[in-house]
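Here is a friendly walk through a protein model, from its packing to its charged pairs and backbone details. Please keep the structure open beside you as you read.

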Amino acid sequence: MSNVSGFAEERVNRRTMMKGAAGVTAAGAAIGIGARLNGGSVQASDLEDMVQSIAEERGLTPQDIKAALKTYMPSGVHDDYLLFASGGHSGQVLVIGVPSMRILKLIATFTPEPWQGFGFSDDTKAVLAEGAVDGKVLGYADTHHPGLSETEGEYDGEWLFINDKANARIAVIDLRDFETKQIVKNPHYISNHGGAFVTPNTEYIIDGCQYATPKSWGYAPLESYADEYRGAMTFWKFDRDAGRIDPAKSFSVELPPYWNDLADAGKGASMGWMFSNTFNTEMSYGTGGGDLPPVEVGASQRDMDYLTVINWQKAEEVVGAGKAEDVSGMPMIPMTVAVEEGLLYQVPEPKSPHGADVTPDGKYIVVSGKLDPHVTIYSFEKIQKAIADGKFEPDAYGVPVLDFESCVEAQVELGLGPLHTQFDDKGLAYTSLFLDSGIARWKLGGEGIDDGWKLIDMIPQQYNTGHICAAEGDTVTPNGKYLIGLNKWALDRFHPVGPLLPQNFQLIDISGDEMELLYDMPIGVGEPHYAQMIRSDRLKNIWDVYPETGWDPQKQAPSEVATQIGKERIERDGNNVTVYMTSIRSTIRPDFIDLKQGDNVTIHLTNVEMAMDATHGFAMPGQNIQLSIEPGETTSVSFVVDTAGTYPYYCTEFCSALHLEMMGYMLVAPA
Ligand code: RUQ
Ligand code: CUA
């Protein structure tokens, strides 16, 4: 008992300190905590009775009680891990505490999000506009794979990247303020999948073309598929100081018109290389309006597809030496050059591969074939030896295809529909089984391990597991402890909510000999696909408030249009009107804006408060404007008033007792 309360006290202290730092009545919080602790010091026998009676009343099994105790976080206690999960079709990123599975935030990423004012303020509109395709600003994304920035193969808690599969875009999120700062549109292809995967020092963010098209998705008839259509692998250069992807230093490697699926960066032994699954080596494009087999048949004819292997460090040198071609403003290494320079290889892979995952030591690549019950494990050393020994034949495009037997280390039969693999701290691997709806646990092999490459057990999932995510399971030092199944349609797990079913995250304890299911969590926004889980203490740089009043979160620097209190004003130049506005509890100044129909208006709004909970909103009715101004932030919004009328604007966060009075009138006189 005393150990338990000691632990609780330590956590409580953390909470009291937090509150104190926030300037919130620490004494009040402490009184509440004291009461809770006293209430907690019960006799063991009382505890037993209490548990017994609750369990009986609610029909809980001992396993249920254990799971509840392992996941419950007392009020105010923080989770040990944060899960950054894709929000799927919502185009957002979900931030979830583990083990409590509480949603902490949805980060607006590729789509407008009103609470955060994302896609409403001028600067966030500009972020969405950067991601325009053929001049169209998009209102959706198919977000798949979040990738946390890494230093020496470990998560460093500074940046997060995520891909939009549908439109081949990558977004950059700053983990100081959890806001999206940049969206880049791939100039070489229109759909991606193998992204966003980072190299061990976040030198590059890998992004692989999924469906082949002519370069830069120009027009060419399907009959010219083999000649005109191409795949590619893009390496986006990340500039940490600028906090942005630098397209000027990014490049692609041209690939045959096969389709690239999931990818992973080499690390440790395989540093400098990357691996991607490649399917549809049959080059099926469906019926083409004629008698050809449909894609799902045409693309499943051959027994083997390929693992694409690229030496990105070499590719970087080749681009530096000027051997790439400019394609739509970004360098692309032609296939012929990539082959000549020895930076591009393919290794046969069993039928329709999906996931490719590099083991923590970088020595092996685990590949799952959707239509093969095995995972195939390739040895990086053997791949290198096969290259050195010239054990390859060119494919139709001259790309060397290495001898399968020479590269394979092992195959392990796991079950039906293996997709994705994660790793723990005990030399075990976990692979999702989509068709079997479960997660297989198996033992890695290699030098000095006699009983390796062996299935251990399987835990069922509800249902159709896609990706899985283990604590820091993509890094050189996986933590073990927790594993999450990212399952597809939750048929019967939750109360019905109509025909569109939520997805289901299932939290599993993998610390013991048996895998134990702890928690079911419905995801109500889209199909998440993938997530990464980071130790919360690695996120060291999170800001409570912006560093100073008048902060521009896009530039992460003081804003040029910040307004100090008392300096609010309205400037008119012809029909261009600029409003320098401040917000502070419980006033928006100015509280009157006098306009004429047809005026072009820009409001620069500064939240001059620096208290942690002093966020203000700003809604302008009828103008599609909703902003969120966090403490210290300056944000701007521009619009044209084309209709005469009376528009009461107001703060949209219930910030104070006089919040409803935090408003003003914008009057637009008829022209
Ligand atoms: S993919 S599970 Cu992007 Cu495997 Cu969906
Ligand atoms: Cu500020 Cu309500």
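Let us begin with D174, which counts as buried because its relative accessibility is 1%. This is a predicted model, so please read every value here as computed from predicted coordinates. The side chain of D174 meets that of R176 in a salt bridge, with N and O 2.8 Å apart. R176 counts as partly exposed, at 26% relative accessibility.

K314 is partly exposed, with a relative accessible area of 27%. Elsewhere, a network of salt bridges links K66, K70, D509 and E516. In total, the structure holds 30 salt bridges.

## The nonpolar cores

Which residues have the most contacts inside the largest nonpolar core? They are F235, V253 and I310, in a core of 27 residues. Several elements each supply at least two residues of this core: the strands β9 (204-208), β11 (229-239), β13 (251-255), β14 (259-265) and β16 (304-311), together with the helices α8 (312-320) and α9 (335-340).

Once its neighbours within four places in sequence are left aside, F235 is in contact with Y204, I205, I206, S250, F251, V253, M274, I310 and W312. Apart from this core lies another, of 25 residues, with V579, L595, V601 and V641 among them.

Helix α5 (residues 122-130) has T124, V127 and L128 as its buried residues. They lie on the same side of α5, because they cover an arc of only 95° around the axis. Strand β7 (179-185) is included in what covers these buried residues of α5.

In helix α10 (residues 380-388), the residues F380, I383, A386 and I387 are buried. Their arc around the axis is only 120°, which puts them on the same side of α10. And what does the face turned away from the buried side of α10 carry? That face carries the exposed residues E381, K385 and A388.

L47, M50, V51 and I54 make a nonpolar surface patch of about 290 Å². L47 is found in helix α3 (residues 44-58), and this residue counts as partly exposed at 33% relative accessibility.

## A buried glycine in a loop

G243 is found in the loop between β11 and β12 (244-245). Is G243 buried or exposed? G243 is buried, because its relative accessible area is 2%, and a residue under 20% is called buried. Its contacts, leaving aside neighbours within four places in sequence, are with W159, V172 and F238. For a sense of scale, G243 and I625 are 382 residues apart along the chain, and 28 Å separates their C-alpha atoms.

## Backbone details worth checking

Where are the cis peptide bonds described here? One runs from R585 to S586, with omega near 0°; S586 has its place in the loop between β38 (576-584) and β39 (587-589). Another cis bond, from R589 to P590, also has omega near 0°, and P590 lies in the loop between β39 and β40 (592-596).

Positive phi values in residues other than glycine also deserve a look. S216 has phi near 55°, and W217 has phi near 45°. The loop between β10 (213-214) and α6 (225-228) holds S216, and W217 is also placed in the loop between β10 and α6. S216 counts as buried at 18% relative accessibility, whereas W217 counts as partly exposed at 23%.

How values were computed:
Residues are numbered from 1 along each chain as its sequence is written. Chains are lettered from A and ligands numbered from 1 in the order in which they are written. This is a predicted model: local features need pLDDT of at least 70, side-chain atom pairs count only at pLDDT 80 or more; totals for chains, interfaces and linings use all residues. Side-chain values use heavy atoms; hydrogens and water are left out. Buried means under 20% relative accessible area, exposed over 50%, partly exposed in between (1.4 Å probe, protein chains only). Helices (H or I, at least four residues) and strands (E, at least two) are DSSP runs, numbered from the N terminus. The arc is that of the directions from the helix axis to the C-beta atoms. Contact means heavy atoms within 4.5 Å. A nonpolar core is a set of buried Ala, Val, Leu, Ile, Met, Phe, Trp, Tyr and Cys residues joined through side-chain atoms within 4.5 Å. Patches are made of residues with over 30% relative accessible area and no salt bridge: like charges are joined within 9 Å, nonpolar side chains (Val, Leu, Ile, Met, Phe, Trp, Tyr) within 5 Å. Accessible areas come from the Shrake-Rupley method with a 1.4 Å probe; for residues, only the protein chains shown count as cover. A salt bridge is a side-chain nitrogen of Lys or Arg within 4 Å of a carboxyl oxygen of Asp or Glu.
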